[in-house]
Amino acid sequence: MRVKCVICDKIENIHDELLIAKKLRNRPIHTYMCQTCHDRIETKTKERIATGNFKLNEPKKNDDGW
């Protein structure tokens with residue numbers, strides 16, 4: 001299966017039986033990102049977390065006690 005990275009527009013071939021290939025075929029909302037772009041975003045995010053100014057917005061947990 002030929003896929004295109006959404007960030008750098010690099011075209012790659014992935015095996016048709018991989019889980020990511022199945023997700024891309026069955027759910028068009030899923031997008032593909034190449035490994036180099038994924039690694040670059042991961043390192044930048046880790047750098048932002050290390051500065052202490054990064055806030056991750058997680059959903060609030062409502063414990064009612066029920």
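What share of the 66 residues in the chain is buried? Buried residues come to 12%, where buried means under 20% relative accessible area, exposed means over 50%, and partly exposed covers what lies in between, with a 1.4 Å probe and protein chains only. The structure is a predicted model, in which local features need pLDDT of at least 70, side-chain atom pairs count only at pLDDT 80 or more, and totals for chains, interfaces and linings use all residues. Residues are numbered from 1 along each chain as its sequence is written, and side-chain values use heavy atoms, with hydrogens and water left out.

Confidence comes next. The average pLDDT of the chain is 88, and 97% of the residues score at least 70; pLDDT is the predictor's confidence in each residue, on a scale from 0 to 100. Of the chain's elements, strand β2 (residues 11-13) has the highest mean pLDDT, 93, while helix α1 (residues 19-26) has the lowest, 90.

As for the overall layout, the chain has 2 helices and 2 strands, and these run in the order β-β-α-α along the sequence. The radius of gyration is 17 Å, well over the 11 Å that the globule rule gives for 66 residues, so the chain is more spread out than a compact globule. That radius is taken over C-alpha atoms, and the rule is 2.2 Å times the number of residues to the power 0.38. Helices (H or I, at least four residues) and strands (E, at least two) are DSSP runs, numbered from the N terminus. The C-alpha trace spans about 45 × 35 × 15 Å along its principal axes.

Two residues in the loop between β1 and β2 can be set side by side. Cys5 sits in that loop and is buried, at a relative accessible area of 1%. Leaving aside neighbours within four places in sequence, Cys5 touches Lys10, Tyr32, Met33, Cys34 and Cys37. Its C-alpha atom is 27 Å from that of Lys55, a residue 50 places away along the chain. Asp9 is also in the loop between β1 (2-4) and β2, but is partly exposed, with 49% relative accessibility. Asp9 is not a glycine, yet has a positive phi of about 60°. Most residues other than glycine have a negative phi.

Further along, Phe54 belongs to the segment after α2 (35-51). With a relative accessible area of 26%, Phe54 is partly exposed. Apart from neighbours within four places in sequence, Phe54 makes contact with Thr45, Arg48 and Ile49.

Notes
Contact means heavy atoms within 4.5 Å.
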